[in-house]
Amino acid sequence: GIGDLSKIIFSPCYNHRLQNAFKKTYRENLLFKKMVNKVNKLAIFLRKPTQVKALKKICPEPIVTRWQYIFNITFFIQNNIECINRIISLEESNVYEIDFDLEFFLEILHPIRSPTLVLSQNKCCLCDVYPIISAVIEQYKELKLKFNEENHKQVINALIKNIKHYTLTS
């Protein structure tokens, strides 16, 4: 009468472990930290009533070290980039300028998007975690081949190292 025992051994804590890997990378890698801070600062700016009126949409609320929110904000920025650039150009300072590689930033957040959705369900068994996390790491290794800049590779290497540290080797 217990039912499927696999539901007892599910793995939501691995989402927390991925979050810890993100936060550790945020603390250790200056470029990554600058990109995250820039996205958060821009999100706060875009949530002001005058910007919401111009965008006709509300930017997702930032939570500094929660990568899922940062992913949603970055995706929002990418989808509304033309209007956001017009709004920024009207500002007197360049504080809100998008002066980092937005495409790169989205690409490095994307590999942990799907696993987070899978790992948060109570249907994901503990035995599925290793293959899922291994696939994430492989995606990051492939991304390293796509980007030529050394500082981009350093961010990816830091993510790989920290994901391994908090998941596979913990």
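In what order do the elements of the protein chain run from the N terminus on? They run α-α-α-α-α-α-α-α-α.

This is a predicted model, in which local features need pLDDT of at least 70, side-chain atom pairs count only at pLDDT 80 or more, and totals for chains, interfaces and linings use all residues. Residues are numbered from 1 along each chain as its sequence is written, and side-chain values use heavy atoms, with hydrogens and water left out.

**View 1. The protein chain as a whole.** The secondary structure comes to 9 helices and 0 strands. Both are DSSP runs, numbered from the N terminus: helices are H or I with at least four residues, strands E with at least two. Of the 170 residues, 42% count as buried. Buried means under 20% relative accessible area, exposed over 50%, and partly exposed in between (1.4 Å probe, protein chains only). Contact means heavy atoms within 4.5 Å. Among contacts between residues at least 6 apart in sequence, 69% join residues at least 24 apart.

**View 2. The largest nonpolar core.** This core has 50 residues. Such a core is a set of buried Ala, Val, Leu, Ile, Met, Phe, Trp, Tyr and Cys residues joined through side-chain atoms within 4.5 Å. Phe32, Leu46, Phe105, Ile108, Tyr140 and Ile163 have the most contacts inside it. At least two core residues come from each of α1 (13-28), α2 (30-46), α4 (67-79), α5 (81-89), α6 (102-109), α8 (126-146) and α9 (150-168). The largest share, 8 residues, is from α2. In soluble globular proteins, nonpolar side chains tend to be buried together.

**View 3. Ile163 and its partners.** Neighbours within four places in sequence are left aside here. Ile163 is then in contact with Leu18, Ala21, Ile112, Ile133, Val136, Ile137, Tyr140 and Leu168.

**View 4. The packing of α4 and α6.** The two helices pack at an angle of about 145°, with their axes 10 Å apart. Axes are lines fitted to C-alpha atoms, for helices over the stretch in contact, and angles run from 0 to 180 degrees between N-to-C directions. The contact is made by Trp67, Ile70, Phe71, Thr74, Phe75, Ile77 and Gln78 of α4, and by Leu102, Phe105, Leu106 and Leu109 of α6. These residues divide into 9 nonpolar, 2 polar and no charged. Ala, Val, Leu, Ile, Met, Phe, Trp, Tyr, Cys and Pro count as nonpolar, Asp, Glu, Lys and Arg as charged, and the others, Gly among them, as polar.

**View 5. Ala43 in α2.** Ala43 is found in helix α2. Its relative accessible area is 0%, so Ala43 is buried. Neighbours within four places aside, Ala43 is in contact with Cys59, Pro60, Pro62 and Ile73. Tyr96 is 53 residues from Ala43 along the chain, and their C-alpha atoms are separated by 9.4 Å.

**View 6. Cysteines.** Cys59 is buried at a relative accessible area of 1%. Cys83 also counts as buried, at 18%. The structure holds 0 disulfides, a disulfide being a pair of cysteine sulfur atoms within 2.5 Å.

**View 7. Lys56 in a loop.** Lys56 lies between α3 (49-55) and α4. Its phi is near 65°, a positive value in a residue other than glycine. At 71% relative accessibility, Lys56 counts as exposed.

**View 8. Glu138 in α8.** Glu138 has its place in helix α8. With a relative accessible area of 41%, Glu138 is partly exposed. The C-alpha atoms of Glu138 and Pro111 are separated by 9.4 Å, with the two 27 residues apart along the chain.
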